[in-house]
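The following explanation leads the reader through one protein structure. Please keep the sequence and the model in view while reading.

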Amino acid sequence: TLVGEDGMINGEPDPNAGKTFFALLTFEKPVTAPLGSLFIGSKFDFESHSPTCRMAFFGKLLTPIKPAVQDELKKIRIVKMKSKTGVLEKIDKADPCLYTAHGLIKKESDFSLFQGLSVVHERSGVIGKIDSLFGTAGKFKIVTKEPIMGMQVDKKGNITSNEEVVMHFRKYVYDNSKRFAQD
């Protein structure tokens, strides 16, 4: 990747220009530096043709953390972006914005963790909310504000095309609870 002085990356505008990013860096040996100080680091000792990443970084030291102390790591709330995928199974004949789906929630899961969370129909981009359970086999109902168009549906309302819905969420790395977070 070529980054120019004008902020262009390979001739294109940088989509992350002006954004702030945070990182948790762990080192083999302790590093002594006052809070708020600027630090510069690099890892260039790899072979230039190896598949291993060579990198350089700089930033301000915001807070010291002792990784061995679990409560210290919980303070900085590091997240992983995750997603779960389910499949639409049936459309309600009376309400074209009500769907039955499966595959996103296991039948032994605590449904209250999922209720009210958003899902996105992959092909159309229509957003819906997980509304309620449907039976005991891990099926659930999704409510959308608008009908999803272009699906293949039989006379009984069964969706015959493969229509996936995805729930995007954040999982806090050092949080042992099973909760999900969405915007």
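This is a predicted model: local features need pLDDT of at least 70, side-chain atom pairs count only at pLDDT 80 or more; totals for chains, interfaces and linings use all residues.

Residues are numbered from 1 along each chain as its sequence is written, and side-chain values use heavy atoms, with hydrogens and water left out.

The protein chain contains one helix and 10 strands; helices (H or I, at least four residues) and strands (E, at least two) are DSSP runs, numbered from the N terminus. Their order from the N terminus is β-β-β-β-α-β-β-β-β-β-β. Of the 183 residues, 23% are buried, where buried means under 20% relative accessible area with a 1.4 Å probe, counting protein chains only. Contact means heavy atoms within 4.5 Å. Among contacts with a separation of 6 or more, 52% join residues 24 or more positions apart.

The barrel comes next. Six strands close into it in the order β5-β6-β9-β8-β7-β10, with antiparallel pairing; two strands pair if DSSP finds at least two bridges between them. From one strand to the next, the twist averages 45 degrees, an angle between N-to-C directions, on a scale from 0 to 180 degrees, of axes fitted to C-alpha atoms.

Strand β9 (residues 140-144) has four of its five residues buried, so the rest of the structure largely encloses this strand. On one side, strand β6 (residues 98-102) pairs with β9 in the antiparallel sense over four bridges, and Y99 stands opposite I142. Strand β8 (residues 127-133) also pairs with β9 in the antiparallel sense, over five bridges, with K129 and V143 as bridge partners. β8 and β9 form a hairpin with six residues between them, and G135 in the turn has a positive phi of about 80 degrees.

A nonpolar core is a set of buried Ala, Val, Leu, Ile, Met, Phe, Trp, Tyr and Cys residues joined through side-chain atoms within 4.5 Å. The largest such core has 21 residues, and L88, L104, I130, F140 and M167 have the most contacts inside it. The elements giving two or more residues to this core are β5 (79-91), β6, β9 and β10 (164-172), and β10 gives the most, with three residues. Leaving aside neighbours within four places in sequence, F140 is in contact with residues including Y99, L104, F111 and I130.

How values were computed. Buried means under 20% relative accessible area, exposed over 50%, partly exposed in between (1.4 Å probe, protein chains only).
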